[in-house]
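Here is a short report on one protein model.

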Amino acid sequence: MSSDIDVPSGEVTQNGGGGATATPARTSDRGAATRGALLAAARDVFCESGFAQAAVTDIVAKAGASVGSLYHHFNGKADLYLTLFEEFQARQQERTRRAISAAREAGETDPMLQFIAGAGAYLDGCLEERDVSRLFISGDGPPGFDRAMRQRLGKWARRNAALFHTADGGVDEALVMVLTGAMAGAVSDISLLEDEDAARRLAAEIMGILGTIRNPRTAPPV
């Protein structure tokens with residue numbers, strides 16, 4: 001799966017001369033509004049019907065658009081799904097970044113506790129956007145998406161687990177594996193729970209357990 005999905009921008013003319021008119025900007029605004037409406041409609045239809053059962057005609061009808069406009073902005077149903085996934089992951093990455101930055105600004109220097117802050121923010125995002133989080137965990141996506149989902153979560157965990165350096169400047173692979181597995185299980189179970197209160201309780205319990213983990217390479221002996 002490519003994480004860089006090309007989307008026509010509305011052909012905004014980038015010329016520094018004084019000959020630019022207001023028409024390209026209006027065209028771009030309309031294109032952006034149509035693209036946004038299609039994504040919002042796709043999110044609703046996918047969450048209600050699943051990817052396999054969702055119909056392009058339902059998406060364009062809900063968006064108040066045309067099939068032609070959908071294929072102007074996207075390659076098809078799978079492209080809509082992948083774009084929603086990439087945008088969700090971008091929001092998750094930003095939540096994680098803000099949480100780790102806040103922990104550092106508060107004076108937290110323990111890499112594990114910084115990771116815990118980021119992991120908590122990731123789970124909070126799954127709870128806040130339970131509809132799309134469940135959609136992506138459910139297994140009902142384009143061919144090969146399950147593998148892409150696992151790879152992305154692994155990449156997220158690896159990026160944050162890079163906080164934990166070994167003595168030779170590398171990354172502690174065993175610790176990364178433990179943290180990745182724990183987060184994958186947590187995200188899946190929390191996203192799939194029907195009861196939101198139960199999902200929140202489970203998330204809190206998981207974070208409580210993760211909070212007890214210390215890097216065995218650096219933790220002081222008991």
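Methionine 207 sits in helix H9. Helices here are DSSP runs of H or I with at least four residues, strands are E runs of at least two, and numbering starts at the N terminus. Methionine 207 is buried, at 16% relative accessible area. Buried means under 20%, exposed means over 50%, and partly exposed lies in between (1.4 Å probe, protein chains only).

Which residues does methionine 207 touch, not counting residues up to four places away in sequence? They are Ile116, Ala119, Gly120 and Leu123. A contact here means heavy atoms within 4.5 Å. Methionine 207 and leucine 123 are 84 residues apart in sequence, yet their C-alpha atoms are 8.9 Å apart in space.

## Basis of the model

This is a predicted model: local features need pLDDT of at least 70, side-chain atom pairs count only at pLDDT 80 or more, and totals for chains, interfaces and linings use all residues. Residues are numbered from 1 along each chain as its sequence is written, and side-chain values use heavy atoms, with hydrogens and water left out.

## Overall fold

The protein chain has 9 helices and 0 strands. Its pattern along the sequence is α-α-α-α-α-α-α-α-α. Of the 222 residues, 39% are buried. Take contacts between residues at least 6 apart in sequence: 71% of them join residues at least 24 apart.

The chain exposes about 11,900 Å², and carbon and sulfur atoms supply 53% of that area. Areas come from the Shrake-Rupley method with a 1.4 Å probe; for residues, only the protein chains shown count as cover.

## Nonpolar cores

In soluble globular proteins, nonpolar side chains tend to be buried together. The largest nonpolar core in this model has 25 residues. Phe46, Ile59, Leu80, Tyr81 and Phe136 have the most contacts inside it. A nonpolar core is a set of buried Ala, Val, Leu, Ile, Met, Phe, Trp, Tyr and Cys residues joined through side-chain atoms within 4.5 Å. Helix H1 (23-49), helix H2 (56-63), H4, helix H6 (130-137) and helix H7 (145-161) each supply at least two residues of this core.

Phenylalanine 136 contacts Tyr81, Leu84, Phe85, Phe88, Phe145 and Met149, leaving aside neighbours within four places in sequence. Another core, of 21 residues, lies apart from the largest one. Its members include Met112, Ala119, Cys126 and Leu210.

## Aromatic pairs

The model holds 9 aromatic pairs. Rings of Phe, Tyr and Trp (its six-membered ring) pair if their centres lie within 6.5 Å; planes under 30 degrees apart count as stacked, over 60 as edge-to-face, and the rest as tilted. The rings of phenylalanine 46 and tyrosine 81 have centres 5.6 Å apart and planes at 65 degrees, so this pair is edge-to-face. Phenylalanine 46 in helix H1 and tyrosine 81 in helix H4 are 35 residues apart, so the pair links distant parts of the chain. Both are buried: phenylalanine 46 at 1% relative accessibility, tyrosine 81 at 0%.

Tyrosine 81 also pairs edge-to-face with phenylalanine 145, at 5.0 Å centre to centre and 90 degrees between the planes. Phenylalanine 145 is buried at 3%. Ring pairs link Phe46, Phe51, Tyr81, Phe85, Phe88, Phe136 and Phe145 into a cluster.

## Charged pairs

There are 10 salt bridges. A salt bridge puts a side-chain nitrogen of Lys or Arg within 4 Å of a carboxyl oxygen of Asp or Glu. Arginine 95 bridges to glutamate 128, with the closest N and O atoms 3.6 Å apart. The pair joins helix H4 to helix H5 (residues 111-128), across 33 residues.

Arginine 200 and glutamate 196 form another salt bridge, at 3.3 Å between the closest N and O atoms. Both lie in helix H9 (residues 196-210), 4 residues apart, about one turn. Salt bridges that share partners join Arg43, Arg91, Arg95, Glu128, Glu129 and Asp131 into one network.

Glutamate 129 lies in the loop between H5 and H6. It is buried at 7%.
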